[in-house]
Amino acid sequence: MHKLRSFSVAKLAKGYSRLSSRLKGTGGRPSAPLGSRILTNPDDIFKHNMWDHVQWTEEDEENAQQKAKENAFVKIPLEEQGKFDTEAFQYWDKFYEMHQDKFFKDRKWLFLEFPELLPSGAKSQAKNRCLDNPQASYPQPSGSSRDKETRHKQHNSPTHFHRNTETSNPQTESRQGAAPETTEDARQTTTYPGQRASFRILEVGCGVGNSVFPIVNSIKETDAFLYCCDFSMCAIQLVKDHPDYDDSVCHAFVHDICEEMASFPFPPQSLDVILAVFVLSSIHPERMQGTVNRLSTYLKHGGIFLFRDYGRYDFSQLRVKKGRCLSENFYTRGDGTCVYFFTKDEVHHLFSNAGLEEIQNLEDRRLQVNRGKKIVMHRVWMQSKYRKSYPLSTQHLTI
């Protein structure tokens with residue numbers, strides 16, 4: 001951590017002042033996306049825990065690049081790297097056995113940034129709850145000695161709908177790991193949890209339910225249903241033991257989203273929304289594309305994939321200890337869990353290569369403040385929305 005020097009505060013405030021002027025000229029920016037707390041006066045730096053829309057100086061960029069380069073100079077030997085992938089669920093099980101549900105706070109900001117999570121009838125009510133919470137529009141880690149908003153892959157569990165390579169659609173075969181298309185008749189004749197719901201959500205890497213229960217409590221009395229999975233059996237048990245867990249609107253299950261032949265308890269093309277918050281960063285970079293490809297086949301046409309994760313040169317990347325680097329921008333922590341740091345271009349390629357179209361792809365740069373210790377940290381997160389487009393009609397294909 002670095003204490004913010006006075007000249008740095010002045011530079012930050014000068015940049016924010018220009019940004020604030022532009023915002024005022026356009027009527028101001030709403031609380032979403034990504035907040036609207038702009039630092040314009042250097043003397044105000046320690047009045048709040050977080051400042052939005054940070055503009056980095058060239059010096060900030062150069063220092064971050066140099067620090068990341070230094071931290072990645074010594075890499076873990078290849079022969080020692082495999083366990084961080086093959087034994088990942090064990091590391092996360094140990095994490096949840098130790099911390100239970102006390103490590104993360106519920107993400108009450110979800111519905112401001114991702115209103116697509118809810119059917120139309122529930123959106124206004126959920127938004128009002130977010131606005132009543134002064135921290136709702138600030139998606140940030142809760143207090144702890146390690147970086148918080150980390151998530152994970154999940155462990156395999158027998159469920160109902162398996163991939164069938166003999167019936168794969170040629171269009172999906174071109175995307176690595178894509179599941180086959182399923183006809184409407186097949187979806188109607190197969191029984192599965194949430195089948196009667198008109199709006200279905202899947203959260204992958206749900207952990208102990210910090211997104212699950214804000215969603216569950218907002219979709220009651222609606223025609224929506226939530227699926228949530230994690231590869232940590234301990235995490236899923238904690239979700240099921242939670243007093244707000246309600247199997248009439250939610251189905252929690254153990255699942256490894258990286259496992260190509262793993263099955264889901266619902267058919268392809270049955271989901272309206274997929275949510276991945278600090279999940280994909282925990283997956284080995286070589287397995288990310290196949291994972292997104294497979295997940296995307298479960299979206300309905302018009303369905304949306306909501307993503308939030310770490311961005312390149314986030315403070316947590318710059319403070320990684322030397323000797324913890326697995327590959328470029330991919331690290332393991334002391335407890336064996338892993339983390340990758342994305343760029344906007346990488347996020348775009350990841351989802352567009354899965355056949356999804358961009359709705360939003362933002363780099364969220366903030367200044368996080370420890371007011372007690374007079375310390376500031378540059379935070380960088382990615383926030384994106386990608387939609388599965390409708391197929392072209394036959395008339396458009398006619399020559």
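Guide: Arg365 lies over the face of Trp56, at 4.3 Å from the ring centre.

Visitor: What does it take for a charge to sit over a ring?

Guide: The criterion is that NZ of Lys or CZ of Arg is within 6 Å of the ring centre and within 35 degrees of the ring normal; Arg308 also lies over a ring face, that of Trp109, at 5.5 Å from the ring centre. The model is predicted, and local features need pLDDT of at least 70, side-chain atom pairs count only at pLDDT 80 or more, and totals for chains, interfaces and linings use all residues. Residues are numbered from 1 along each chain as its sequence is written, and side-chain values use heavy atoms, with hydrogens and water left out.

Visitor: How many aromatic pairs does the structure hold, and how is a pair described?

Guide: A pair of aromatic rings is described by the distance of the centres and the angle of the planes. Rings of Phe, Tyr and Trp (its six-membered ring) pair if their centres lie within 6.5 Å, and planes under 30 degrees apart count as stacked, over 60 as edge-to-face and the rest as tilted. The structure holds 16 such pairs; one of them joins Phe307 and Phe342 edge-to-face, with 5.5 Å centre to centre and 90° between the planes. This pair links distant parts of the chain, 35 residues apart, since Phe307 is in strand 6 (residues 299-310) and Phe342 in the loop between strand 9 (338-340) and helix 14 (344-352). Here helices (H or I, at least four residues) and strands (E, at least two) are DSSP runs, numbered from the N terminus.

Visitor: Are Phe307 and Phe342 buried or exposed?

Guide: Buried means under 20% relative accessible area, exposed over 50%, and partly exposed in between (1.4 Å probe, protein chains only); Phe307 and Phe342 are both buried. The pair of Phe330 and Tyr340 is tilted, because the ring centres are 6.4 Å apart and the planes are at 50°.

Visitor: Which residues other than glycine have a positive phi, Lys374 being one, and where is Lys374 placed?

Guide: Lys374 has a phi near 55° and is in the loop between strand 10 (356-370) and strand 11 (375-388), where it counts as partly exposed because its relative accessibility is 45%. Glu221, with a positive phi of about 70°, is in the loop between helix 10 (212-219) and strand 3 (224-230), and counts as exposed at 82%.
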